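Hi everyone, thanks for coming.

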Amino acid sequence: MNKTIVIGSDHGGYHLKKACIKALTDWGYIVEDEGPDCLDSCDYPVYAAKVCNKLKADGTKLGVLICGTGQGMTMTANRMGIRAALCTNEFHARMARAHNDAKCLCMGERVTGQGLALSVLKVFLESTFEGERHQRRIDLIDTVSQ
């Protein structure tokens, strides 16, 4: 498993992004922070695109996107062809990886408290894709969306 995590946020997810970076580093991951580097108001699609482009360039990496609700980041990532999952609890995170082979975890700083968010992050990273019948369904996503 690639231990490099690509992360980004907007101003609404900045504090949670910083907490995730600290936790990821403590857990032994290499973190590529795609910004922003301050709390100034910014547009979430810009930072989602930076993370998604890195995930597309290296399909072995996982990503984390954080905004105020997580919705905007999730929509942008999925629109860019990255299987992104908005997770508000550990079960969401486990199933997003195990059944949907999600490559990007999305969270909302204004929705999920820091302690829970870090637990969700840990479960997301430790869960693996189960394959088999789930792969068939993932393949269907590409078929029906064309």
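Predicted model: local features only at pLDDT ≥ 70, side-chain atom pairs only at ≥ 80, totals over all residues.

Residues are numbered from 1 along each chain as its sequence is written, and side-chain values use heavy atoms, with hydrogens and water left out.

Okay, cores. By that I mean a set of buried Ala, Val, Leu, Ile, Met, Phe, Trp, Tyr and Cys residues joined through side-chain atoms within 4.5 Å; buried is under 20% relative accessible area, exposed over 50%, partly exposed in between, with a 1.4 Å probe and protein chains only. The largest one has 25 residues, and Cys20, Met107, Phe124 and Leu125 touch the most other members. Two or more residues each come from β1 (4-9), α1 (14-26), β3 (62-67), α4 (90-98), β5 and α5. Those labels are DSSP runs numbered from the N terminus: helices are H or I, at least four residues, and strands are E, at least two. The top contributor is α5, with seven residues. There's also a second, separate core of 16 residues, including Val6 and Tyr47.

Now helix α3, residues 71-79: its buried residues are Gly72, Met73, Thr74, Thr76 and Ala77. Among the elements covering them are β1 and α2 (44-57). After α3 comes Gly81, with a positive phi near 90°.

Last stop: where does Thr112 lie? It's in the loop between β5 (104-108) and α5 (114-126). Thr112 counts as buried because its relative accessibility is 5%. Leaving aside neighbours within four places in sequence, Thr112 is in contact (heavy atoms within 4.5 Å) with Thr88 and Ala117.
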